[in-house]
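Dear colleague,

I am handing over the structure below, and after it I set out what was found. Please read the notes with the coordinates open beside them.

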Amino acid sequence: AIYEQSCEAYRHQGKTSGFFYIDSDGSGPLGPLRVFCNITEDKIWTAVQHNNTGLTRVQGADPEKPYTMSFNYNSSAEQLEAMINSAEYCEQEAAYHCKKSRLLNTPNGMPFAWWVGRANEKHLYWGGSLPGIQQCACGLEESCLDMRYFCNCDADREEWTNDTGLLAFKDHLPVTQIVITDTNRSNSEAAWKIGPLRCYGDRQFWNAASFNTEASYLHFPTFHAEVSADISFFFKTTAISGVFLENLGIKDFIRVEIRSPKEITFSIDVGNGPTEATVQSPTPLNDNQWHYVRAERNLKQTSLQVDSLPKKVLEAPTEGHFRLQLNSQLFVGGTASRQKGFLGCIRSLHLNGQKLDLEERAKMTAGVKPGCPGHCSSYGNLCHNGGKCVEKYNGYSCDCTNSAYEGPFCKEEVSALFETGTSVTYIFQEPYPVTKNASTSSSAIYADAVMSKENIAFSFVTAHTPSLLLYINTYFHEYLAVILSKNGSLQVRYKLSKDGLLIFTIDSGNFANRELHHVKINREGRELVIQVDQVLKLKHNFSEIDFKAIKSLTLGKVTDSLSLDPEVSKANAYGFTGCLSSVQYNHIAPLKAALRHPSIAPVTVKGSLTESSCASIMEADVNTVTTIYSSSDPFGKSDEREPLTNAVRSDSAVIGGVIAVVIFIIFCIVAIMSRFLYQHKQAHRSSQTKEKEYPENLESSFKADIDLQNTVSECKREYFI
């Protein structure tokens, strides 16, 4: 197999949303299937589009002349079935919009519409209902417009209504055909929509078993691999050695084992003596991290792959036996030949494309437990920018709560456009309750509230100077300000109660150049480090630092500007105009809080704040940039209004537009003709007056030509005017 078996597998390679090929049966006979992997923070969705996912109108259908539509998924039924069977959950949206068009003819009639699913089976239930129940979603929820019926459309009303829901019984999916038979009566009309096939979860990728003793093992039926064998799995262990799997014959055998902390061996004997393919790792493989093993054998060669290490390939002998004849049970995590068993975890075990359910067998076997904890030890490095890896029974997720980024790996920037006067202020809680004795001095109240560090990071794009990017003030009237000076240099200004004003200037270029710049300001104790665009620009050691009792953090214009010093006040005159991205202060992300949680976070927004992408506007004028919207799922749900306002109204709009254009053209033609006739009449009268002045020997045809030329000339002149 060239491709991974699911979107889940691509996600754990660090891939983001996009189109991929998946091969659900690995090296089995099924070919790869092109799907869209929508990799979100919550779930990894696999979507397969068909040839008609839009809203489609139907008229003139009856039982004698039914309307049918068949769906083509650009794949075989076997490929779709393999994908569905591998998933934890699958669904397809089914929507039927109706005006005097019945759907299932509830409660007791023969249905007027139905759909066909897997194995060409006809189904008489609709989206949101359950198999075997001739109802729609409103029937189960007891919310239909007319309680005598189990579908809204079965009430047979003159106005538009609909029955919409999800078909989620996996054994019946995908929908391959829809049939409609009740749109041939007076004022009868319908519009239907069947959405793409969508699934999430890979039942096999995290299917694992934990082997707790060397004597424990799982057994499965004999592995039939006479001429070809393809074995793949993940393992993690702290043991020095052990057998992953083994299957014996009278003389033949096949075995995969870890012989030493740095050595994996694939052994096979087809009657010509043992053949061993061994991969040596430069680092120990018993590090309790997940490692991938793939062992293959065919008539030409035997090979072994471990992680991304070089593959070991052995050519098969040209003579001798070639059929692998096995007759015992397959042992997983142990051995029948009394060799040392395996201690640790094995997951996602595939033999010749077939998936072995380790968890189900482990439930019935002593010394073996289903599942395997500790995925973050292997995949935690995929969570970036302060994202926290969270263990799940089947895998892990990245918690981006305390990160300025979002997305499945906390790598997607959260950014916004600021206009002149825009202000985002994050208010910190007071260090002590306000009910504390007011007579106590401020120094006593805030004595324990010293901030030991500042970890600040953000990116920006602007063309305006001076600008105030970030301002942090304290209850002691201290502050930290990041500004762009008039010449485009970057200043970090600390005002401390003991050291006074300290100014650190980065003048390595004009930072107001409509390019994206990244700023990091880190202070640990007395040591300050400033980085700009991943380059160390400044280091400083404070003699004493007592920056404490943070009151608020402001991005852009500071509205309470009475306490600002002159230089900061100049920069604050217009605040910041441009784009700010992924702002982080210690464990707080103020810009993300303003955009994602404005109602619950202690954040105040004044002026215009528009979510956008800083990277997308680097080459554009920041004054004229408009918001850029994007969608991670090209098969996203469309407008859910009634078809009267979608398909029907869209057609009416086109027809109305055509009629208006035709009327306008006719009006123009009539006006031009009227003007032409009027001018022609005037010219005719003039010619009669002038006829007396023509010489008598002038031919009448010549006079007629002159009159015609005069008329044409008058007509042309009037037209251009």
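To which cysteine is C400 joined by a disulfide? In this predicted model, the partner of C400 is C410, with an S to S distance of 2.0 Å. The torsion about their S-S bond is about -95 degrees, so this disulfide is left-handed. Both cysteines sit in the loop between β28 (395-399) and β29 (415-418), ten residues apart, and both C400 and C410 are buried.

Counting sulfur pairs within 2.5 Å gives ten disulfides, and two others deserve a description. C579 and C614 are linked with S to S 2.0 Å, and the torsion about that bond is about -90 degrees, so this link is left-handed as well. Since C579 belongs to strand β40 (residues 578-585) and C614 to the loop between β42 (609-612) and α9 (647-690), the pair ties together parts that are 35 residues apart in sequence; C579 and C614 are both buried.

The disulfide of C345 and C372, with S to S 1.9 Å, is right-handed, with 80 degrees about the S-S bond. It connects strand β24 (residues 344-351), which holds C345, to the loop between β26 (368-370) and α5 (376-379), which holds C372, 27 residues apart. C345 has a relative accessible area of 7% and C372 one of 5%, and as buried means under 20%, both count as buried.

Turning to the strands, six of them form an open antiparallel sheet in the order β14-β23-β16-β17-β18-β19. β14 (218-220) and β19 (275-280) are at the edges, each with a single partner strand, so one side of each lacks a neighbour in the sheet. Six bridges join β18 (residues 263-269) to β19, where I268 stands opposite T275.

Best regards

Terms used. Residues are numbered from 1 along each chain as its sequence is written. This is a predicted model: local features need pLDDT of at least 70, side-chain atom pairs count only at pLDDT 80 or more; totals for chains, interfaces and linings use all residues. Side-chain values use heavy atoms; hydrogens and water are left out. Two strands pair if DSSP finds at least two bridges between them. Helices (H or I, at least four residues) and strands (E, at least two) are DSSP runs, numbered from the N terminus. Buried means under 20% relative accessible area, exposed over 50%, partly exposed in between (1.4 Å probe, protein chains only).
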